[in-house]
Amino acid sequence: MQESCAPVRRNRWADLIAIVAVGGLSAATIVGRHSDGAARPWLFLDIAVGIVATGLILVLGRRPVQGALVLAGLAALSPAATPPATVGTLTVAQRRPLRTAVLVALAGTVGHLIQALWRPIGNLPFFWFAVLDVAVHAALLGWGQWTQARQQVLDSLRERAHRAEAEQGRRVAEARALERTKMAREMHDVLAHRLSLLATYAGALEYRPDSSPEKLAKAAGVIRSGVHQALDELREVISVLRDTEIDELPGGRPQPTFQDLRALVEESREAGTTIAYDDRVNDPTTLPPATGRTAYRVVQEGLTNARKHAAGHPVTLTVTGQPGDGLRIALTNPGSNGTSLTPGSGTGLVGLTERVQLAGGTLDHGKRPDGRFRLEASLPWPS
């Protein structure tokens with residue numbers, strides 16, 4: 001409650017100070033004009049006009065143009081209204097457009113000229129009074145318009161600063177959201193691949209309990225190693241969700257490249273997937289790292305889906321391309337056999353399509369007339 005009343009209290013104090021100051025100037029004007037006794041018949045008129053004009057200072061805050069025009073009219077009646085009329089002209093010049101301010105200043109000038117005609121100052125000729133009158137009102141007009149323009153510039157700069165700060169905050173938020181989405185997509189690809197391998201080895205242990213101790217121990221070792229890797233990758237996901245900076249992720253590992261593709265295929269083969277791999281890529285060392293990483297993720301997602309939805313069936317993988325001609329990936333496997341080793345969210349191919357499109361390529365996937373599922377990707381490879 002006290003905070004809401006504070007601005008009102010400060011405005012009242014400002015109004016009180018303005019009334020006292022202007023009232024003091026009006027009183028001084030009255031005393032000066034009546035010091036020689038020649039203007040004594042106008043004393044009561046000057047006092048009344050001075051009181052009314054001083055009270056109109058309160059109106060200038062809400063209706064500056066109307067208040068200034070009334071004060072200009074009072075200035076034509078008595079010199080006691082000169083200080084309030086001056087304040088009115090300056091207020092309009094500070095708050096209103098130039099055209100309105102000029103008209104109000106002109107009204108104030110005419111009002112004081114009328115005052116000088118019927119109540120002249122003793123030793124000051126009318127001509128010089130007119131010159132002084134015009135000069136003062138021109139100065140008030142110029143001062144007020146300059147103050148208004150300066151305030152507008154300051155407001156504009158302040159608004160620009162606020163807008164720039166808000167824009168910067170928005171860009172930072174968008175960049176952070178983009179990085180988090182990127183990391184989440186990356187972790188989805190890695191975790192889905194890793195968990196599908198674990199499910200494959202676990203299924204072998206379940207359905208082949210009569211395997212030799214060496215094979216059982218090897219499968220258990222692969223599962224243990226895979227679980228550790230999956231936990232590390234899950235910790236990275238949690239770090240991202242906690243708004244940890246990407247560069248500060250614990251245990252960060254290098255991103256895969258196109259040269260890691262053969263190791264990915266061999267890893268899937270060791271998990272029991274039969275893969276016919278045809279690599280016809282010319283000069284793969286010139287492939288851009290981002291394109292190679294995208295190609296790796298395409299093959300990884302394709303092999304993961306094949307293990308999940310068509311476990312035990314062979315997969316055909318063909319990778320062709322050369323500089324200037326682009327890189328093409330084709331992965332086919334029999335359609336779903338109705339079972340899935342691991343549940344999926346169904347967003348893997350959606351995220352993969354977005355990844356390929358961001359790399360400037362295209363992705364096509366779906367069942368063919370022969371019932372086989374085919375995943376095709378085409379990525380740019382500049383010469």
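I began at Glu-266, which has 34% relative accessibility and so counts as partly exposed. I note at once that this is a predicted model.

**Entry 1: the partner of Glu-266.** I looked for what the side chain meets. Glu-266 forms a salt bridge with Arg-269, and the closest N and O atoms are 2.8 Å apart. Both residues belong to helix 9, residues 261-270. They are three residues apart there, so about one helical turn separates Glu-266 from Arg-269. I then checked Arg-269: its relative accessibility is 30%, so Arg-269 is partly exposed.

**Entry 2: other salt bridges.** How many salt bridges does the count come to? I get nine. I looked up two more of them.

Arg-158 pairs with Asp-155, with 2.9 Å between the closest N and O atoms. Helix 7, residues 126-207, holds both Arg-158 and Asp-155. The spacing is three residues, about one turn of the helix. Arg-158 has a relative accessible area of 42% and is partly exposed. Asp-155 comes out at 35%, also partly exposed.

Asp-364 and Arg-368 meet through their side chains, at 3.5 Å from N to O. The cut-off for a salt bridge is 4 Å, so I keep this pair. Asp-364 is partly exposed at 39% relative accessible area. Arg-368 is partly exposed at 27%.

**Entry 3: helix 2.** I tested the length first. Helix 2 runs over residues 43-55, which is 13 residues. At 1.5 Å a residue, helix 2 should span 18 Å. I find its end C-alpha atoms 18 Å apart, so the two values agree.

Next I asked which residues of helix 2 are buried. They are Asp-46, Val-49, Gly-50, Ala-53 and Thr-54.

**Entry 4: rings.** I searched the whole structure for aromatic pairs and found one. The partners are Phe-127 and Trp-128, with ring centres 5.1 Å apart. Their planes stand at 75°. Planes over 60 degrees apart count as edge-to-face, so I file the pair under that heading. Are Phe-127 and Trp-128 buried or exposed? Both are exposed.

I also checked for a charge over a ring. The charged end of Arg-119 sits over the ring of Trp-118. Its distance from the ring centre is 5.8 Å, against a limit of 6 Å.

**Entry 5: a backbone angle.** I stopped at Asp-283. This residue is not a glycine, yet its phi is positive, about 55°. Where does Asp-283 lie? I place it in the loop between strand 1 (275-281) and helix 10 (289-309). With a relative accessible area of 41%, Asp-283 is partly exposed.

**Entry 6: the chain overall.** I count 11 helices and five strands in the protein chain. Of its 383 residues, 37% are buried.

Key:
Residues numbered from 1 in each chain as written. Predicted model: local features only at pLDDT ≥ 70, side-chain atom pairs only at ≥ 80, totals over all residues. Heavy atoms only, no water. Helix = DSSP H or I, 4+ residues; strand = E, 2+ residues; numbered from the N terminus. Expected span 1.5 Å × (residues − 1). Buried < 20%, exposed > 50% of the residue type's maximum accessible area, 1.4 Å probe, protein only. Phe/Tyr/Trp six-rings, centres within 6.5 Å; stacked < 30°, edge-to-face > 60°. Lys NZ or Arg CZ within 6 Å of the ring centre and 35° of its normal.
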